[in-house]
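Hello,

Here is the structure I promised to pass on. Could you open it alongside this note and follow the notes below as you look around?

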Amino acid sequence: MYNNSTGNGNKALEAENSAPVRIGARLVIELLRIQAEDPPTDNIRLTPNRTKHALAVLKQKLIEVQRHATKNDVHCSVTQILAESCSGMEIALPIAEPDWGAVGLLDQLFDQLLTEQGLDQEARGWIEKLRLPILRYALLDYSFFFTPQNLVRRFLNQAYLILLSSTEKSRRVYREKLDVYIKRILNEFVDDAGDMNSICIEAQAWFAGQNEKVEKIEEQLKVLESARRKENVAEPRVVDELNRIASGKQLPKMVTEFLHGEWRRSMLHVSMREGESGSTWKRQIRITESIVEFCLDCVANDGGEQEKYRSFYPVLIKNIKALLESVADDQEALEATLEPLELALTAMLNGAIPPLTDTPALRHANTHVSSVEVKRVGQQALNQIEGLSEGDWLRMKTSEGTHELCRVTLKGVDQAPWVLVSQSGKTVAKKNSVQLAQGIEGGVVDVVKNTLYWDKGLESALNQLHAKWLQANEEQKREAARKRQAEAEARLRAAKEEEARKAALLLEPQEDKVDRVDATESCTEEILQNSALALEKTETEADEVGDFIAPRTISEHEMTAAMQAIEQIQVGGWIAQQTSEGELRCKLAVKIRGRDKLVFVNRVGIKILEIDKQELARLMVYGAVSILDTGSAFDSTLERVVRSIQKEKR
């Protein structure tokens, strides 16, 4: 019993240790302090706190540095260029430790992005241009570090995906528009985080409109590829059943043509729709058997016992017609198909036997393997591919030397092809898992997955700093424990010395005794002083944290941009809402124009959100809501009907 509980306790501890650490605002401040290394120049002085004057000087200095870097096309780290710009200052520039740590952290992430992601020259140039504006924004809004829903962080993630593709198609669709937003950021963002957020909101709405087009292409491809795969399974089943029932039998030519023509196609549709266990499929098999038996019995009886089929014949034709109608829409074509069959069966029913032919066996498609190609691929690369899910990204090198970012639209099973669609929707590729694994080994395929660069990079960097922070705390705890132990030992020695002194005093005459101060008084005073110091330090730290993450009011520009983005959402458009249980996707079902209200439903049509446009705009600015699909091409029959009814009532 004891061993089991211990084992469960260890498992629970391991699960707790392996769970991702939630790094909030207060902890981010402390982690950035750890990130703050000594400046490369004496003209920058680190301070524990921010001061308004020093922060204003730093902001102005960064703006000047950005203008100089943009004008002279200077590409280097902010740490380096800021140190160079401060070299002529008579008084050292005071910078708060978390702010300097933020500079170092963003420099690190930008350098990794430029050196490790294989971007082309144009993309690297854009990344360099964004380095200083992003740093300036992050110093204004620290939520960039600890909130994945931050608007600028989302924009950077989207820009990262765009810059991974360098084909001419992706340039026309995305890069030209991205260039417009980057130029606006450089020109319009000065000292108000709301200006940057407004641009990012506009970009979010535009990207959502483009994603909508690609998603429609992906849905069509899923339907087509799913139908093709079902057909590959259903076709052999249909051929086997027709061969079992009719192959080698002597039947009228018109009956054989019907069975191997329209009836075979209808069997294929039913088999794809229901599989081999569906009731309609089983019913169609019985009808096929009845058609063949009808013909064989009429031929064998030579016109003697056809009367017994007269009552059965109308039922047979009715069932055949019903099954054909269930898979065909063209009534005229259906009648033309049934006419030869009805003529042949009616003639046989009346004793007139049409010319008979042996029904040939149908052949399976591609059943003969003429050659076998042996493909060798490493298990590690294959595991990388198999670990992907639908919605993950692959970066593929083209024959022209450019790169195309493709999303896994449909994941293949075994050797079935995977369907990959480019970010622009202009390219569709089909490769099986072995071919994709070979691409990884050959250096022409990179796995991007669905975790975007800035989310992954910030999470990794902050987790590393968190580990250092924990280690430093453990060392402080051990040092404090050693200090407490040393103090306890010192108090014990002092107590023993005091007892020895008192014992010696007992042997002295009473008049020689002198009053002495109790040693515990000084110890108590020391403890109180330490407690007061600790309390004062805690309050100071709380003030610092409040300074770094002070709440920011929403600007008019942000609200205007958010309202314009919301106006672009049509009925059928999708948004993502951040809740305590994760991301919740919902679709716009109704626009109540008189009250400026929007009603959103989930995938099954249940209402989950009714909200004013103003409130939705505020949530969008805070990053709690994002646009996934504007629904601009949505065609709702129900909406047209409702509008017609409203007009009639007026």
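Helices H13 and H14 are oblique to each other. In this predicted model, H13 spans residues 279–301 and H14 residues 312–327; their axes come within 11 Å and cross at roughly 135°. An angle over 145 degrees would have been needed to count as roughly antiparallel, so the pair is called oblique. The crossing of H13 and H14 is left-handed.

Next, the helix pair H10 and H20. H20 covers residues 556–567, and it packs with H10 at an angle of about 5°, the two axes being 8 Å apart. That angle makes H10 roughly parallel to H20. From H10, the contact draws on Gly194, Asp195, Asn197, Ser198, Ile201, Glu202 and Ala205; from H20, on His557, Glu558, Ala561, Ala562 and Ala565. Sorted by class, the contact of H10 with H20 has 5 nonpolar, 4 polar and 3 charged residues.

There is also a sheet to look at. It is open, has 5 strands in the order S8-S7-S6-S5-S9, and its pairing is antiparallel. Which strands sit at the edges? They are S8 (428–431) and S9 (445–449), each of which pairs on one side only. From one strand to the next, the twist averages 35°.

Within this sheet, S6 (residues 403–410) and S7 (residues 418–422) pair in the antiparallel sense over 4 bridges. Cys406 stands opposite Ser422 in S7. H10 turns up here too: this helix, residues 193–246, packs on the sheet and touches S6, S7 and S8. The direction of H10 makes about 55° with that of S6.

Last, the aromatic residues. The count comes to 12 aromatic pairs. One of them joins Tyr174 and Phe207, whose ring centres are 6.4 Å apart; their planes are at 40°, so the pair is tilted. Tyr174 lies in H9 (residues 168–188) and Phe207 in H10, so the pair ties together parts that are 33 residues apart in sequence.

Conventions:
Residues are numbered from 1 along each chain as its sequence is written. This is a predicted model: local features need pLDDT of at least 70, side-chain atom pairs count only at pLDDT 80 or more; totals for chains, interfaces and linings use all residues. Side-chain values use heavy atoms; hydrogens and water are left out. Axes are lines fitted to C-alpha atoms, for helices over the stretch in contact, and angles run from 0 to 180 degrees between N-to-C directions. Helices (H or I, at least four residues) and strands (E, at least two) are DSSP runs, numbered from the N terminus. Angles under 35 degrees count as roughly parallel, over 145 as roughly antiparallel, 65 to 115 as roughly perpendicular and the rest as oblique. A crossing is left-handed if the near helix is turned anticlockwise from the far one by less than a right angle, and right-handed if clockwise. Two strands pair if DSSP finds at least two bridges between them. Contact means heavy atoms within 4.5 Å. Rings of Phe, Tyr and Trp (its six-membered ring) pair if their centres lie within 6.5 Å; planes under 30 degrees apart count as stacked, over 60 as edge-to-face and the rest as tilted. Ala, Val, Leu, Ile, Met, Phe, Trp, Tyr, Cys and Pro count as nonpolar, Asp, Glu, Lys and Arg as charged, and the others, Gly among them, as polar.
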